[in-house]
Amino acid sequence: MTRAEAKERNRRALLDAAFQVVSRDGYRARLDEIAERADLTTGAIYSLFGSKNGLVVALVADYLRPYYEEIEQAVPAGLDLLEAVDAFARHYRRSCDAPDALSHLSLQITLLDMALHDPELGSQLATSIRSQEDHLIALFTGRSHNGSVVTLRQAQRLTTALRALFVGLSQGVPLGLAPGADEQYFADAARALASGVSLIDHDADAS
């Protein structure tokens, strides 16, 4: 094994261990337990990630990267905006039934709690999440809608609104708080949102 391969193996082991410990313990997660689960030392954590916060931020990026890659595959080019939003909504709903849906929900709630306890970490997490969401913004930008083309700013506003909608719904599904919220429900809600106020560019109107 090369040095680079060993480094990547250690990085992967620490991220997998961090997912388990952070999901369970949140801001109380201990670096020594994470290192022990990965069969490494805490020194390896500092060497690879710089700090506990660096490890958590890397964990979020690692968690979100395949998620956005799957969305890009689920929403092909050539669809207009409402068709793209529909496909995105249906993909999001299917993810609520995935075998790891509950563990991912637990991680989301835990990360929010960690951010509330550590504002610096919260700022770092927000930056990481915004960076990943750029993929979704790019996915909607330039699509046709009502005889025009969706601008970058409109795609940003829509992405923010859809994230709020789906985070709420996806938390309600496993908790039994969203009865009847099937794929069609998600798609209808997303289409209604995309057709409405989220695409109005107030700055442009004011000018």
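So, where is Asn146 found? Asn146 is in the loop between strand E1, residues 144-145, and strand E2, residues 148-149. Before I go on, keep in mind that this is a predicted model.

Okay, backbone first. Asn146 isn't a glycine, yet its phi is positive, near 55 degrees. And is Asn146 buried or exposed? Exposed, because its relative accessible area is 70% and the cut-off for that class is over 50%.

There's another residue to look at here, Asp39. Asp39 also isn't a glycine, and it has a positive phi of about 60 degrees. You'll find Asp39 in the loop between helix H2 (31-37) and helix H3 (42-49). Asp39 is exposed too, with a relative accessible area of 70%.

Now over to the charges. Which residues gather in a patch of negative charge on the surface? That would be Glu69, Glu70, Glu72 and Asp100. Take Glu69 from that group: it sits in helix H4, which runs over residues 52-74. Glu69 has a relative accessible area of 43%, so we call it partly exposed.

Last stop, His91, over in helix H5, residues 81-95. This one counts as buried, because its relative accessibility is 13%, and buried means under 20%. What does His91 touch, if you leave out residues up to four places away in sequence? Glu70, Ile71 and Ala74.

Note on methods: Residues numbered from 1 in each chain as written. Predicted model: local features only at pLDDT ≥ 70, side-chain atom pairs only at ≥ 80, totals over all residues. Heavy atoms only, no water. Patch = residues over 30% accessible without salt bridge, like charges linked within 9 Å, V, L, I, M, F, W, Y side chains within 5 Å. Areas by Shrake-Rupley, 256 points an atom, 1.4 Å probe, with all protein chains shown as cover. Salt bridge = Lys/Arg side-chain N within 4 Å of Asp/Glu carboxyl O. Lys, Arg positive; Asp, Glu negative; His and termini not counted. Charge placed at Lys NZ, Arg CZ, Asp CG, Glu CD. Helix = DSSP H or I, 4+ residues; strand = E, 2+ residues; numbered from the N terminus. Buried < 20%, exposed > 50% of the residue type's maximum accessible area, 1.4 Å probe, protein only. Contact = heavy atoms within 4.5 Å.
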